[in-house]
Amino acid sequence: MEVYLDNNATTIVDPKVFEEMKPFFCDIYGNPNSLHKFGAGTHPKMVEALNFLYEGINAADEDDIIIMSNATESINTVIKGIWIDKILNGNKNHIITSEVEHPAVTATCKFLESQGVSVTYLPVNEDGVLEATSVKDYIREDTALVSIMWANNETGKIFPIKEIGAICKEAGIAFHTDATQAIGKVPVDVQDFNVDYLSFSAHKFHGPKGVGGLYVRKGYELTPLLHGGEQMGGHRAGTVDVASMVGMGWAMKLATSTMALAYEKNHVSKLRDKLENAILELPETVVIGGTANRTPNTTLISFRGVEGESMLWDLNQNGIGASTGSACASEDLEANPVMNAFGSDSELAHTGVRFSLSRFNTEEQIDYAITVIKNAVARLRGISSSYAYTPSCHKSGL
């Protein structure tokens, strides 16, 4: 049996989405910017897809949603756009983010630091969540942007976006959120949560890879990252990938419907909990960050004495896809920065394995995964010197 439990990395394209995309490869293939019927023939489905995107995040008609290649481009557009508009050509010089953001945020901020920008990386608490009050405490007169993720990609922890949005609105500071891991898992409403910029990527909610979007509230226009033609109203140059745009729109529609979110909350979370509870029956295992306030599909579990990469090897040999909470592929065996950020010691930070489910997982698959995981832990602990000799009072607490 093959069991895919790495849905926070990417998801299968929903077959219904694929069917909607197919005509735009060989049948309706015109450039959407062309004036002839071949180009104009793409427009109805592009408008439909855009409407689905607006509805999915409750964007207002006067707001913009710009089609991009992925969430990384979307995030770079916001942060570098603020740099150009508010810092290089304004009187601001400060950005606030968190220590556990996706590298698309942190690497961009590090680049801006090399250009003289002041960046505050807020710590998370012991549960791996950023507290809204810390944002308020670090706002300065020269703060140009606050960028905080909606949900963490490794722990699934949901951040207090509504409270942070209210704080930024009161302070008159632009607020950006990376909602890549939130859409299709929890309700996302840019109006209710006072979000000014929001980034997302279709392949995280059963759409195609290589397409994403940026929501921009009216009055918060940015200097484009890409210059060229007048596509997307001049906000993002380049011919739109029509098939992918249509696929993203339909994926958004299917993932954010009331029924889909209820299924995620009830069915997917039950499968996740079944997997998690079975693993926690093993001695000296722990859910990183705890079990509260998470997306319904994600658990990050540490197994004392078991290297994350070793566990992934065993799982892969048995047809199970998961991901490690460790960055041990690097030469210096650097521990996972997200786990380090909320207080994990070096041993704990190398033993995390993330399991992320989707609506396409079945109970039969979870039963199989439980058996494989338990067998893998027994085998790996049997050959682990760290498990055999580490005292139970070790500071990891495991």
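Let me begin at E284, which lies in the loop between helix 10 (258–280) and strand 9, where helices (H or I, at least four residues) and strands (E, at least two) are DSSP runs, numbered from the N terminus. What we are looking at is a predicted model, in which local features need pLDDT of at least 70 and side-chain atom pairs count only at pLDDT 80 or more, while totals for chains, interfaces and linings use all residues. Residues are numbered from 1 along each chain as its sequence is written, and side-chain values use heavy atoms, with hydrogens and water left out.

Now, back to E284. Its phi is near 55°, which is a positive value in a residue other than glycine. With a relative accessible area of 24%, E284 is partly exposed; on the scale used here, buried means under 20% relative accessible area, exposed means over 50%, and partly exposed is in between, with a 1.4 Å probe and protein chains only. N194 likewise has a positive phi, of about 55°, although it is not a glycine, and N194 is placed in the loop between strand 6 (174–178) and strand 7.

Strand 9 and strand 10 (residues 298–303) run antiparallel and are joined by three bridges, and the bridge partner of T285 in strand 10 is F303.

Let me turn to strand 3. Five of the five residues of strand 3 (residues 94–98) are buried, so this strand is largely enclosed by the rest of the structure. As a general point, side chains in a regular strand alternate between the two faces of the sheet. Here H94, I96 and S98 point one way from strand 3, whereas I95 and T97 point the other way, and all are buried.

Together with helix 6 (residues 103–114), strands 3 and 4 make a right-handed β-α-β unit, right-handed being the case in which, with the strands pointing away from the viewer, the path from the first strand over the helix to the second runs clockwise.

S98 deserves a moment of its own. With 0% relative accessibility, S98 counts as buried. The side chain of S98 makes a polar contact with the side chain of E101, at 2.7 Å, and a polar atom of the S98 side chain lies 3.3 Å from the backbone nitrogen of V100. A polar contact is a pair of N or O atoms within 3.5 Å; within protein, one must be able to donate a hydrogen and the other to accept it, and residues adjacent in sequence count only if both atoms are side-chain atoms. Leaving aside neighbours within four places in sequence, S98 is in contact (heavy atoms within 4.5 Å) with several residues, including T106, Y121, S147 and F159.

Beyond strand 5, E154 is found in the loop between strand 5 and helix 8, and at 14% relative accessibility E154 counts as buried. E154 and R354 are 200 residues apart in sequence, and their C-alpha atoms are 6.5 Å apart in space.

Finally, the interior. A nonpolar core is a set of buried Ala, Val, Leu, Ile, Met, Phe, Trp, Tyr and Cys residues joined through side-chain atoms within 4.5 Å. The largest such core has 57 residues, and those with the most contacts inside it are I57, W150 and L198. Helix 9 gives the most to this core, with nine residues. Apart from this core lies another, of 28 residues, among them V268, L275, L282 and I366. As for helix 9 itself, twelve of its 15 residues are buried, so this helix is largely enclosed by the rest of the structure; among the buried residues are V242, M245, G249 and W250.

Key
Two strands pair if DSSP finds at least two bridges between them.
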